[in-house]
Structure formats: C-alpha cells, structure tokens
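Please walk me through this model in the viewer, one selection at a time. Tell me what to pick next and what is there.

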Amino acid sequence: MAYKKSDDDLKPWGKEFVGDLTPQQLPSWIKEDPFLTVLNLGGIDLQHIPPSIGRLKFLQQLRVQENRLKEFPRTIGSLASLTRLCAYGNQLSWLPEQFQRLTRLKILRLGGNKFHRRNRHEGISVIKEMSALRELYLRENPELRDIPRGIAEKPGLQIYGID
C-alpha cells in the first residue's frame with residue numbers, strides 16, 4: 001500500500017509515495033512498508049536517508065533529487081529491486097561500495113552533485129561493478145573532468161554529461 005499527501009491526511013494511492021513533505025513529516029510507515037515500489041522524496045530539504053531504507057525490498061524507484069544529501073547509507077545495497085535512482089541536485093561526492101549490490105539498477109541520475117575523482121574511492125568508481133546499468137547522468141559535477149576507466153568502457157552504458 002502507498003500514499004499521497006492530501007489536505008486531510010495521507011490516503012491510499014496505489015503503490016507509491018509522492019509528497020511535498022518536510023523530512024520531519026515523513027510518516028514512519030515509509031521506513032517499514034516492505035511493499036512500497038516508488039518513493040519520491042525529491043525537493044524536501046532531506047539531509048540524510050535513514051538506514052532503515054534497506055528494508056524496502058520491493059522498492060523499484062527512489063527519487064531523492066534536489067535535497068541536501070551528502071551520502072547514501074550503506075543499507076542502500078539492500079534495495080535488490082531498485083531499477084531507477086534519481087539523486088541529482090544534492091551534495092554527494094562519493095558512492096558507497098554497497099552500490100555494486102544494486103544488480104537491477106538501470107538508470108542512475110547523479111548530475112548536479114560534487115563528484116570528482118580525487119574523492120574517497122574515486123567517488124564513482126563502484127559504478128563499473130553495476131552490471132545492469134544502462135543510463136548514467138553526470139552533468140553539472142564541475143570537478144568531474146573525465147569518467148574513470150572501467151566506467152567509460154562499460155558495454156551498453158550510455159553516459160550523459162561531463163561538462
């Protein structure tokens with residue numbers, strides 16, 4: 001079950017959560033509902049994603065764009081069903097090695113962040129281990145001047161960006 005914010009309260013609305021909430025208003029069920037398939041937390045001034053997100057085993061799309069995220073929790077690797085992750089417009093500078101466990105992830109949007117190769121673990125080098133990835137968006141990462149070897153040569157991967 002999923003919900004959409006209305007004037008009264010949160011009401012059933014298919015299998016996704018879309019909302020214009022502040023992080024303090026996030027209902028506790030979001031962290032606990034294992035059947036959630038789409039979670040849209042874009043533009044709510046989110047500063048961190050709780051580690052409990054790893055419990056969302058059926059989550060296919062995670063939208064956390066236009067927030068103030070600096071990192072992903074290591075439990076992100078537990079999202080075995082995730083196919084699309086939109087995290088553009090944050091303050092991310094590296095991806096945890098657990099990203100390589102996202103074996104179904106096809107679309108990864110990381111534009112408008114702070115990635116560069118001098119960062120911890122070269123920032124995005126874990127991407128080369130992501131076998132299903134087909135689209136990678138990296139525009140507007142001013143310090144990322146080239147794509148690390150292994151990612152640029154990845155078969156079937158379309159890379160958008162390096163400004």
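Colour the chain by secondary structure and follow it from the N terminus: the elements run β-β-β-α-β-β-β-β-β-β. That makes one helix and nine strands, where helices (H or I, at least four residues) and strands (E, at least two) are DSSP runs numbered from the N terminus. The model is predicted, so local features need pLDDT of at least 70 and side-chain atom pairs count only at pLDDT 80 or more, while totals for chains, interfaces and linings use all residues. Residues are numbered from 1 along each chain as its sequence is written, and side-chain values use heavy atoms, with hydrogens and water left out.

Next, select β4 (38–40), β5 (61–63) and β6 (84–86), together with the loops between them. Show the side chains of Asp 45, in the β4–β5 loop, and Arg 68, in the β5–β6 loop. They meet in a salt bridge, 2.7 Å from N to O; the term stands for a side-chain nitrogen of Lys or Arg within 4 Å of a carboxyl oxygen of Asp or Glu. The two residues are 23 positions apart, and the structure holds one such bridge.

Asp 45 has 41% relative accessibility and Arg 68 has 34%. Both count as partly exposed, because that class lies between buried (under 20% relative accessible area) and exposed (over 50%), with a 1.4 Å probe and protein chains only.

Finally, select the whole protein. Of its 163 residues, 45% count as buried. Its accessible surface, by the Shrake-Rupley method with a 1.4 Å probe, comes to about 8600 Å², of which 45% belongs to carbon and sulfur atoms.
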